[in-house]
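Reader: I would like to learn how to read a structure like this one. Could you take me through it, feature by feature?

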Amino acid sequence: MENFRKESDLLGELNVPIGAYYGVQTQRAIDNFKISGQLLSSYPEFIKGLAFVKKAAAKTNYELGLLDEDLYFKIAETCDEILLGKLHEQFPVDMIQGGAGTSINMNANEVIANRVLEKLEKNKGEYEFCSPNDHVNLSQSTNDAYPTAIKMGLLQMNATLVQKLESIVLAFREKGKQFQDVIKMGRTQLQDAVPMTMGQEFEAFAATLEEDISKLNNNANLFVEVNMGATAIGTGINAPVGYAKLCAKNLAEITGYPIVSAPDLVEATPDTGSYVIYSSAMKRLAVKLSKICNDLRLLSSGPRAGLSEINLPPMQPGSSIMPGKVNPVIPEVVNQVCFKVIGNDLTVTFAAEAGQLQLNVMEPVLSHAIMENIHFLCNALDTLRDKCVVGITANKEVCLNMVKHSIGIVTALNPYIGYKQSTKIAKEALETGKSVYNLVLEQGLLSQEKLDEILDPLNMLRPHNK
């Protein structure tokens, strides 16, 4: 048993690996919660969020005279180490757990305390010199420290997600410029509509995704309101007078985010509304992204028996039986990510609804669902951009040929020969296989010069006077 040390809590003694910076409560969580396989260490921004909170709390306690200078500086120094990426392997707790986040909060408290003990040249577990509860968790509860750490993590993760989103918007916009002279048919309900350019189509992809940058940022701004100082249920028991606002001020200085103390800590402690609305913004992004991937798959369908208006970069063989088949695997995988994001949003909704009285104990699965969604979306956006969008090419002649032979161009004749006559021409074209162009000339409805002007694809791309 020389590879273990004994630590105790209210349930008794437990063996903890002798080299571990975490302690008994973390060890119990490791033993009890083998659920998702996704550990706290998988989400470095969350760990940094915990370090931000613990550093701000220590600074506040020091300034209010509750923590001596040496312990404060060593706790702050340890938090800085964690912010630099050190000790992250010491956070092995499953993201999904019971206890409303207590295991994650205590994981941070224990790691920081044992690292401070090491700095004090004491043995791990000698908590009389630096206690996870009495010193690192001073003036706090899991119920304020944990959700605040989640929010600090999400603010960091949102910045990364927005950066990925901006990058793919730029890629679609570049394709819009590249394809601005490619004339093609627009379609509604999978039927020919009216002409457009492929540039307009790709610029629309960029525009619809660009809208979600501000949505994500605006919704993430709700995370700057925190309930530090609420302690257990919002009444502030065991926290000194003035702690809540001072801690928020210190957290703002440490993180660089405009953190403020919630005006009603009792309300803020069980409230999960900010998570719900942020998750809804990711769901909106996922819905749009999936629709774009659907379009890319349709536009590249073929290569001989489909639309074949664009070519996606070939990424891998598409069949174990059909030689030469190449599938749109990148849009397909992004579609599936979007489905996952939409499903996780429902998890967030149920978890938020499950709050009872003065606390929501379902925050572990709620925070995991949101963080997993951000992680998935970041990877999906990079994958779609790098392995698909930047390599898309247009089949210009295929697109132009479809325009010339489409019944849809008859719509342009409405202002000149009327809807009823246009309908008659369209019907006859469908029945006989003749072109709209030839039927109009045969029936003497317009001169060839006027017809050429009207049906010039470039004249059908924008509003113009009759």
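Reader: Let me begin with charge pairs: how many salt bridges does a search of the whole structure find?

Author: Happy to start there. Side chains of opposite charge can pair when their charged atoms come close. Here a salt bridge is counted when a side-chain nitrogen of Lys or Arg lies within 4 Å of a carboxyl oxygen of Asp or Glu. Searching the whole structure gives 28 salt bridges. A word on the source: this is a predicted model, in which local features need pLDDT of at least 70 and side-chain atom pairs count only at pLDDT 80 or more, while totals for chains, interfaces and linings use all residues. Residues are numbered from 1 along each chain as its sequence is written, and side-chain values use heavy atoms, with hydrogens and water left out.

Reader: Which residue forms a salt bridge with Arg-115?

Author: The partner is Glu-81, and the closest N and O atoms are 2.9 Å apart. Arg-115 sits in helix 4 and Glu-81 in helix 3 (residues 69–83), so this pair ties together parts that are 34 residues apart in sequence. Helices are DSSP runs of H or I with at least four residues, strands are runs of E with at least two, and both are numbered from the N terminus.

Reader: Is Glu-81 buried or exposed?

Author: Glu-81 counts as buried, at 12% relative accessibility. The cut-offs are these: buried means under 20% relative accessible area, exposed means over 50%, and partly exposed is in between (1.4 Å probe, protein chains only).

Reader: Which residues are linked with Glu-81 and Arg-115 in a network of salt bridges?

Author: Glu-77, Glu-118, Lys-119 and Lys-124 are linked with them in that network. Take Lys-124 and Glu-118: they form a salt bridge whose closest N and O atoms are 3.8 Å apart. Lys-124 is partly exposed, with a relative accessible area of 22%, and Glu-118 is partly exposed too, at 31%. Glu-118 belongs to helix 4 (residues 102–119).

Reader: Now the cysteines. How many disulfides does the structure hold?

Author: A disulfide is a covalent bond between the sulfur atoms of two cysteines. The test used here is a pair of cysteine sulfur atoms within 2.5 Å. The structure holds 0 disulfides. Cys-388, for example, is in none, its nearest cysteine sulfur being that of Cys-293, 7.3 Å away. Cys-388 counts as buried, at 1% relative accessibility.

Reader: What should I look for in the backbone?

Author: Most residues other than glycine have a negative phi, and most peptide bonds are trans. Ser-139 is not a glycine, yet has a positive phi of about 65°. You will find Ser-139 in the loop between helix 5 (132–136) and helix 6 (142–178), where it is buried, with a relative accessible area of 5%. Leu-190 also has a positive phi, near 65°. Leu-190 lies in the loop between strand 3 (183–188) and strand 4 (191–197), and it is exposed at 69%.

Reader: Where is Pro-303, and what is the peptide bond from Gly-302 like?

Author: Pro-303 lies in the loop between helix 10 (273–299) and strand 7 (310–311). The peptide bond from Gly-302 to Pro-303 is cis, with omega near 10°.
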